[in-house]
Amino acid sequence: MSFNTAIFYDIENLIKGYGFSTQTITNVSLKEILTALRQTGKIGHIAVQRAYANWSDPRLGVMRDEINEPGIDPIQVFGFAREPKRNAADVQLAIDAIDLAYIRPGLNVFVIVSGDGGFAALAKKLHEYGKTVIGCAYRSAVNKTFQAVCDEFVWITDPEEKVQPVHALGQIGVTDSRNIRLAEQVAKVPEPTPENTVAKTREILDWYVQNTTTSVDLVQKGITLSVIKESVMYAIPDFQPGRLGFAKFIEYMQFVCQGTNDCIVRLPTSHVVLALRRAVPDGVRCCQIWMHTEWSAVETRRGAP
């Protein structure tokens, strides 16, 4: 098996500079790009994948799953000025590509995911090394010279042209990057009965445990209740703990966490978070479970512990 392909993602180009909107960033899918590249039949087994951006920008946190799941290496690029500059990653990407072409002769297919015209010179230089160059970009944002010098060009959908689901526009209050991902995968409860409400909330907790990003958060620092409440209010329209017999959201969550791997923890700083029971620090206890008598009967009927 020959691993002969290197893929370089110019994130600054994909998000159209650092003035990007939430709509743009949530619609950029590196997994979809990789699928489109594979469908051409032009790339072999992937040896190197690198994505270049100022990853210290908190807005890019929504892309963590996009980076982690396909095994892409994030390359930090701060730029050369105080303010973030578009195209700041181009120089580092070009240097890395030439370096790999020289020291890794087995790499013979180089994919540049960008539409920047500056990469035309890089493509020509890679040709001098005997490499095949594949470009990949939006039709509306590609330099014609770069397109012309590539051996193959793959078109990808402009994120601003995608139909945007309501939840990702913030119209129902989903603003946390983790919850934007959750809203794409967890459907709203069709009928918010008490039993369905609890079941949907536990489905949300299961999603946090299984998701690559949030599972790490649950172990390392927990997830604040405000983030949990945002996701619950998205999935359960008109959710109000008082209607279920709970005075506060924390009491409802203590009840929901009963019999699960999650628990509500009040940290020494009085910061209340959702965390995995096994990850609770020494000396810190899960908040005592608050049980409403009517809900106790409901749980007994459902066979809960």
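Buried means under 20% relative accessible area, exposed means over 50%, and partly exposed lies in between, with a 1.4 Å probe and protein chains only. By that cut-off, α11 is mostly covered: 8 of its 11 residues are buried.

This is a predicted model, in which local features need pLDDT of at least 70, side-chain atom pairs count only at pLDDT 80 or more, and totals for chains, interfaces and linings use all residues. Residues are numbered from 1 along each chain as its sequence is written, and side-chain values use heavy atoms, with hydrogens and water left out.

## The chain overall

The chain has 13 helices and 9 strands. Helices (H or I, at least four residues) and strands (E, at least two) are DSSP runs, numbered from the N terminus. Of the 305 residues in the chain, 49% are buried. Contact means heavy atoms within 4.5 Å. Among contacts between residues at least 6 apart in sequence, 63% join residues at least 24 apart.

## Two cores

A nonpolar core is a set of buried Ala, Val, Leu, Ile, Met, Phe, Trp, Tyr and Cys residues joined through side-chain atoms within 4.5 Å. The largest one holds 35 residues, and Tyr208, Ile228, Tyr252 and Met253 touch the most other members. At least two residues of this core come from each of α8 (177-185), α9 (194-210), α11 (225-235), α12 (249-256) and β9 (272-276). A second, separate core has 29 residues, including Leu30, Ile43, Ala53 and Tyr138. In soluble globular proteins, nonpolar side chains tend to be buried together.

Which residues does Tyr208 touch, not counting those up to four places away in sequence? They are Asn179, Leu182, Thr214, Ser215, Leu218, Ile223, Val227, Ile228, Ser231 and Leu274.

Now back to α11. Its buried residues are Leu225, Val227, Ile228, Glu230, Ser231, Val232, Tyr234 and Ala235. They pack against α8, α9, β7 (223-224), α12, β8 (262-266) and β9.

## Where α9 meets α10

Helix α10 covers residues 212-220, and it packs with α9 at an angle of about 90 degrees, with the axes 5 Å apart. Axes are lines fitted to C-alpha atoms, for helices over the stretch in contact, and angles run from 0 to 180 degrees between N-to-C directions. Angles under 35 degrees count as roughly parallel, over 145 as roughly antiparallel, 65 to 115 as roughly perpendicular and the rest as oblique. So α9 is roughly perpendicular to α10. On the α9 side, Trp207, Tyr208, Val209 and Gln210 make the contact; on the α10 side, Thr212, Thr214, Ser215 and Leu218 do.

Asp217 is also in helix α10. It is buried, at 3% relative accessibility. Beyond its neighbours within four places in sequence, Asp217 is in contact with Arg64, Arg178, Gly222 and Ile223.

## Aromatic pairs

The whole structure has 10 aromatic pairs. Rings of Phe, Tyr and Trp (its six-membered ring) pair if their centres lie within 6.5 Å; planes under 30 degrees apart count as stacked, over 60 as edge-to-face and the rest as tilted. Two of the pairs are set out here.

| Pair | Centre to centre | Angle between planes | Class |
|---|---|---|---|
| Phe8 and Phe110 | 6.1 Å | 10 degrees | stacked |
| Phe246 and Phe255 | 5.5 Å | 40 degrees | tilted |

Phe8 lies in strand β1 (residues 3-10) and Phe110 in strand β4 (residues 109-113), so their pair ties together parts that are 102 residues apart in sequence. Both Phe8 and Phe110 are buried.

Phe246 is buried, with a relative accessible area of 2%. Phe255 is buried too, at 0%. One aromatic cluster is formed by Phe239, Phe246, Phe249, Tyr252 and Phe255.

## The loop between α11 and α12

Is Ile236, with a relative accessible area of 2%, buried or exposed? Ile236 is buried. This residue sits in the loop between α11 and α12. Its C-alpha atom is 5.7 Å from that of Val189, although the two are 47 residues apart along the chain. Apart from neighbours within four places in sequence, Ile236 is in contact with Val189, Pro192, Thr197, Lys200 and Thr201.

Asp238 lies in the loop between α11 and α12. Asp238 is exposed, with a relative accessible area of 63%. Most residues other than glycine have a negative phi. Asp238 is not a glycine, yet its phi is positive, at about 60 degrees.
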